[in-house]
Amino acid sequence: MVKAVRRVQLTDPFVKESIKYTLSLVCGHLKSINWTLSLAWGKGIVPEKATKFKYRTKGEGISARAYVFTAYSDSLEIAEDSAKVIGGKFNQGALMLEACNFCDDVVGETADITVGDAWLPQFEIDAQGTNMLIVRNREINELLQQSIKEDRVNLVDLTEADAKYAQAGGFRQRREGLSFRLGKMDKQNKMRPEKRIKANSHALTELRKTIYTMREGVTTVSRESFVKALENNDYSIYNKRLKIYLKRLRLLEVASSAPRFISKKIATLRLKNNI
């Protein structure tokens, strides 16, 4: 959205003058309406009864990394970890828009300021979570610096490496993953957008290639089966078909991410114990 606004500002003086600042979120992929409805439906709120939805819920016993949502109907308010609902793990790509498979922008690069989760070991012990800010506008930066002096905000400096590590999954998806997907499109002689990432420019193991291929499959299968579930008013159509696919994907993801998982756990334990 911000990138589109920037393009309009290049040719429309009124829009350029009217929109003083822009803010972007670090984006995994755009949350679709059907993905939202699928989470609520998975906890018993049928689509026609859903009235409101909160994607991130904080509270006692909820870790900083947990994607706990709250779904509402006129008579119900249900909170649940999205990872415990079929298709709810964000990186699996269930009900994701196809365009997101070809996005190469993780951190809202044209925005004046970007806000995202600081998923770093030193911050994960705070269950309320910690925001990472990427500031590209001098006036906003000066405002933040003044706020620090006035004790209105608490900020610490992060390095570029910290920022990349905090959103490592997003960068893998939009660098090595995108490179692989572009290569597949070229091999099949299919039209695809021109990107800064070149096709097949990242060396991937067969395991990682299989994972990216299966995630694309999750997107396709989930979209097809959820439409059928809506048409038949039967959540089990979506649940049963996707569950089998996700079990296979999960086995591959565990095998691929085990080294990263262990290193993060060690880093967190060291911080908790002041080692």
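The secondary structure of this protein comes to 9 helices and 6 strands; helices (H or I, at least four residues) and strands (E, at least two) are DSSP runs, numbered from the N terminus. The model is a predicted one, so local features need pLDDT of at least 70 and side-chain atom pairs count only at pLDDT 80 or more, while totals for chains, interfaces and linings use all residues. Residues are numbered from 1 along each chain as its sequence is written, and side-chain values use heavy atoms, leaving out hydrogens and water.

**The whole protein**

- Along its principal axes, the C-alpha trace spans about 55 × 50 × 45 Å.
- Buried residues make up 40% of the 275 residues. Here buried means under 20% relative accessible area, exposed means over 50%, and partly exposed is in between (1.4 Å probe, protein chains only).
- Among contacts (heavy atoms within 4.5 Å) between residues at least 6 apart in sequence, 64% join residues at least 24 apart.

**A closer look at helix α4**

- Helix α4 covers residues 138-149, which makes 12 residues. From first C-alpha to last, α4 reaches 17 Å, close to the 16 Å expected at 1.5 Å a residue; the expected span is 1.5 Å times one less than the number of residues.
- Which residues of α4 are buried? They are I140, L144 and S147.
- Seen down the axis of α4, these buried residues fall within an arc of 60 degrees, so they line one face of the helix. The arc is that of the directions from the helix axis to the C-beta atoms.
- N137 caps the N-terminal end of α4, with a side-chain oxygen 2.9 Å from the backbone nitrogen of E139.
- Just after α4, D151 takes a positive phi of about 60 degrees.

**Charged pairs**

- Side chains of opposite charge can pair when their charged atoms come close.
- A salt bridge is a side-chain nitrogen of Lys or Arg within 4 Å of a carboxyl oxygen of Asp or Glu, and by this rule the count comes to 18.
- K3 and D105 meet in one of these salt bridges, at 3.7 Å from N to O. The pair links distant parts of the chain, 102 residues apart: K3 is in helix α1 (residues 2-11), and D105 is in the loop between β4 (77-81) and β5.
- K3 is partly exposed at 31% relative accessibility, whereas D105 is buried at 11%.
- Where do R196 and D104 lie in the chain? R196 is in the loop between α7 (176-187) and α8 (206-232), and D104 is in the loop between β4 and β5, 92 residues apart.
- The closest N and O atoms of the R196 and D104 salt bridge are 3.2 Å apart. R196 counts as partly exposed at 43%, while D104 counts as buried at 7%.
- A network of salt bridges links D104, E109, K195 and R196.
- R192 and D186 also meet in a salt bridge, at 2.8 Å from N to O. R192 is partly exposed at 25%, and D186 is partly exposed at 35%.

Key:
A polar contact is a pair of N or O atoms within 3.5 Å; within protein, one must be able to donate a hydrogen and the other to accept it, and residues adjacent in sequence count only if both atoms are side-chain atoms.
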